[in-house]
Amino acid sequence: MKKQYIVGNWKMNQDLESIKSFFADLDLSESSCETWISPQALHIQTLVNDSPKTLQVGGQNICEATSGAYTGETSAKALKDMGATFCLIGHSERRSLFQEDDDLLNKKVHQALSCGLKVIFCVGETLQERNQGITESVIKSQLIEGLEAIGPAQIANDTLLIAYEPVWAIGTGEVATPEQAQAIHHFIRNTLAFDLDWRDKQVPLLYGGSVKPGNAEGLLCQKDIDGALVGGASLKATDYSRLASIASSLQKN
Ligand code: PEP
């Protein structure tokens, strides 16, 4: 069976009280898909202790270095020690607000994988780039540079996932059409196969950008879409539960 993933990106939201009520309201009884959430780093251990055991907990960012004089940073090893199993790398907010470029992101991907964290590597074009007709070349270079020197041998099962998140659809309420998203996911699949030479690897591809229960099914049923990276809607337990049950019902053979 081809798995589906619902990954929540809580960004810098939630506090201990709202986390408690989120898990009181969460209902994954109808879900068999992968359910992952990345809270703020300081809340990782709370989620690891208090969330359903089927839920995987991850980080939103790591330092590219292993350890040392990097005041304020969080190492991949520390996330792993807290029970995180994965980390987002290259989210558009990290790229734009914190000037993270492909070279730095590539170091972070290597660091995460070497510490045994799975990676969700995010790519996506801005509205300006889409309007200029350069969406594919932007995404190709984000993939080739961000994933440089990651050999196929380092990627087993879902060790590395790609999230396609058009920047113009993140937090805007404007969602890519299923056809637009499918076309880019297909392009990403081909880039991984032929440019990175990962032909025989099954890399899960997630769509992100204003996914909600009302628009999820049309996106998730596309051939090359294996799940969703969800911001705003993942903060509400009812929406998250609903997304997980939609994704579970669509798990493909
Ligand atoms: C995100 O931040 O990764 C995201 C997809 O946000 P939203 O679902 O709110 O657009």
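A polar side-chain atom of H91 sits 2.9 Å from an oxygen atom of the ligand, a polar contact in the sense of a pair of N or O atoms within 3.5 Å.

| Residue | Protein atom | Distance to a ligand oxygen atom |
|---|---|---|
| H91 | polar side-chain atom | 2.9 Å |
| S210 | backbone N or O atom | 2.7 Å |
| G231 | polar backbone atom | 2.8 Å |

On its own the ligand has 290 Å² of accessible area, and the protein covers 95% of that; such areas come from the Shrake-Rupley method with a 1.4 Å probe.

A word on the model: it is predicted, with local features needing pLDDT of at least 70 and side-chain atom pairs counting only at pLDDT 80 or more, while totals for chains, interfaces and linings use all residues. Residues are numbered from 1 along each chain as its sequence is written, and side-chain values use heavy atoms, leaving out hydrogens and water.

Around the ligand there are 14 residues, of which K11, E165, G171, S210 and G231 come nearest; a residue counts here if one of its heavy atoms lies within 4 Å. This shell is made up of 4 nonpolar, 8 polar and 2 charged residues, with Gly counted among the polar ones.

The largest pocket has a volume of about 510 Å³, and M12, Q60, N61, R94 and F98 are the closest to its centre among the 21 residues that line it. A pocket here is an open set of points on a 1 Å grid over the protein atoms alone, where a 1.4 Å probe fits and protein lies on both sides within 12 Å along at least five of seven lines; lining residues have an atom within 4 Å of a point. The lining divides into 9 nonpolar, 8 polar and 4 charged residues.

How many disulfides does a search of the whole structure find? There are 0, a disulfide being a pair of cysteine sulfur atoms within 2.5 Å. The sulfur of C221 is too far for a bond because the closest cysteine sulfur, in C33, is 15 Å away. C33 is buried at 9% relative accessible area, whereas C221 is partly exposed at 41%; buried means under 20%, exposed over 50%, and partly exposed in between (1.4 Å probe, protein chains only).

Note on methods
A polar contact is a pair of N or O atoms within 3.5 Å; within protein, one must be able to donate a hydrogen and the other to accept it, and residues adjacent in sequence count only if both atoms are side-chain atoms. Grid points are joined across faces, edges and corners, and a volume is the space filled by probe spheres set on the points.
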